[in-house]
Amino acid sequence: MIIEARDLRKTFVVKRRRGKREEVEAVRGIDLEVEPGEVFAVLGPNGAGKTTTVRMLATFTAPTSGTARVAGFDVAKEAAKVRENIGYVSQAGGIDEIAPGIESLLLAARLSGMSRKQAQARADELLTAFSLTEIANRPAKTLSGGQKRRFAIAVGLVTAPPLIFLDEPTTGLDPQNRANLWDEVRKLREQGTSVLLTTHYLDEADALCDRLVIVDQGKIVAEGTPEGLKKEVAGDVVTLRLEGTAAARDLLASQPYIKEVHAEDGILRAYLDDGEHGLPHMLRTLEEHSLGIQSISLDRATLDDVFLKHTGRSLRDAA
Amino acid sequence: MMVRHTMLFLGYELRSLLRNPVWPLFGIMQPVLYLVFFAPLLRSTVPGGDMTDVLAMFTPGSMMMIALFGSMFAGFGLINETRNGVLERLAVSQAWRPAIILGRLLKDVIVLILQAILVIGIAALMGLRIGVPEMVLVLLLMAATGLFAASLSYGLALTLRDENGMSQVVQFFAMPLTLIAGLFLPISLGPQWLQTIAKFNPLYYAVEAGRSLFRGDLSASTIPIAFGLFVVLTALTLTWSVRSLGKLAG
């Protein structure tokens, strides 16, 4: 295991007005196991405790309780050893805006113990790999969001660590840059680097990771492979808008080919394993009971449906 | 590793500075303006009205002005780095943490000494006379004052993490500190109560020690007091700022 966390918790003490103190439980008991070489995602809405979890694993924040071993070392007792073995790219990126990107890269390389020559060679290697050579000497503030993010990841990889943490790596990027970044993450997997990334994008977790956990309010609500989690819910989902939602829900829930029915804001979501064959049955049943359909669609189940099943809300609403 | 990392951060800061070498020049405009436009006004307050004596009295004050004002704002750049992730990244890198602050402090002191040499140069053109050992001691005294003010500023920046709050706090402290130090006119001209309050202001000793050195009086008791005070104060504020760095994560 490159990451092994047991019952990690973090409680922040927030000062309120008139000196009152309030405790905020950001992370409420998280267990994680990540295999070497895996791309592992932590998916959840904003405020779910993703960043706090990553910060504890990367030795930035001390856990309130629980233990974690990263690359074989305890994050609390052997933080220096952990730091030698990880790259950490925070949500903010951590690139000095005023200096050219190459300066951040060279400083990070030298701090890890490289000589001037080694640092230059490693920087050149990374600049080429991330197509940054031409803009290496421009002040970082003149670069686009995507370019800055690539610099941030290059800095994180400067020591060629076996594990890299990417906290919300694609937030704020346009679709083109997001797609490019996904390719970079896939390349990391090919090179055998373990990746732990956090995201609130369903498609990102679905497209990139080997395994994931879904977190909500500081706790893990589901864990598995994207395929496995979706299969657990159902293969397909039929979304209906109709008159008399309550009656329709009871009716559909009693049908043997439908696994589960959710009603929310006048919209019904029926989960079934074989949508193509189930849909005609559904239509007939609803017609027999004179329930008028306004709209209907058939889709593959997504991780959002997994989130909905476990939390009762849609990730889109939660975020 | 401690020295190596400090030097790496110092080098990084100095390269940053060399890309924009104009900013520190703005910093010395204030003391230079005071020297050129304010010092002549003081001639009437000095017995004999000799410009050399006026400069010996006024130059130390204007130098402490850059040591204090210039350095008290040193932390502003760091506030941004608490938000843009730079400090977060460095905190989980293999960097020796105090080096993050020490490297910046050394850069601040180097800039300060260069500024001070320029100010002394201009004062010399106007008629100031000072010996080499005295000048070296004056520069060291400035460095000590600057180290204290800058590390205080870094501590404030890392604790407050808010530009508005920081500028209010700095103004709040800087103004009375400079008034009660006798920056422009010696405190000894003032009433007894003012002289008593001044004894509690570390900056007062720095200004008085500076005046003694400019007069060529190496035996003045304020000189060892000033150095001793600033060594202790710097040690305290530096420890505080490094601790605050460790508390960033909450």
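Predicted model: local features only at pLDDT ≥ 70, side-chain atom pairs only at ≥ 80, totals over all residues.

Colleague: Which way does H8(A) pass H11(A), in a left-handed or a right-handed crossing?

Modeller: H8(A) passes H11(A) in a left-handed crossing; the term applies if the near helix is turned anticlockwise from the far one by less than a right angle, and right-handed if clockwise. Helices here are DSSP runs of H or I with at least four residues, strands are E runs of at least two, and both are numbered from the N terminus.

Colleague: At what angle do H8(A) and H11(A) cross?

Modeller: The axes of H8 (residues 226-233) and H11 (residues 303-311) of chain A cross at roughly 55 degrees and come within 9 Å. Axes are lines fitted to C-alpha atoms, for helices over the stretch in contact, and angles run from 0 to 180 degrees between N-to-C directions.

Colleague: Which residues of H8(A) make the contact?

Modeller: Pro226(A), Leu229(A), Lys230(A) and Val233(A) of H8(A) make it, with Leu303(A), Asp305(A), Val306(A) and Lys309(A) of H11(A). Contact means C-beta atoms, placed from the backbone, within 7 Å.

Colleague: Turning to the sheet, what is the strand order in chain A?

Modeller: Six strands form an open sheet of mixed pairing, in the order E6-E7-E8-E3-E9-E10 in chain A. Two strands pair if DSSP finds at least two bridges between them.

Colleague: Which strands stand at the edges?

Modeller: E6 (86-89) and E10 (219-224) of chain A do; each has a single partner strand, so one side of each is left without a neighbour in the sheet. The twist averages 15 degrees from one strand to the next.

Colleague: How many bridges join E3 to E8 in chain A?

Modeller: Five bridges join E3 (residues 39-43) to E8 (residues 194-199) in chain A, and the two run parallel. Phe40(A) has Leu196(A) in E8(A) as its bridge partner.

Colleague: What packs on the sheet?

Modeller: Helix H5 (residues 145-156) of chain A does, touching E6 and E7 (163-167) of chain A. The direction of H5 makes about 160 degrees with that of E6(A).

Definitions and conventions: Residues numbered from 1 in each chain as written. Chains lettered and ligands numbered in written order. Contact = placed C-beta atoms within 7 Å.
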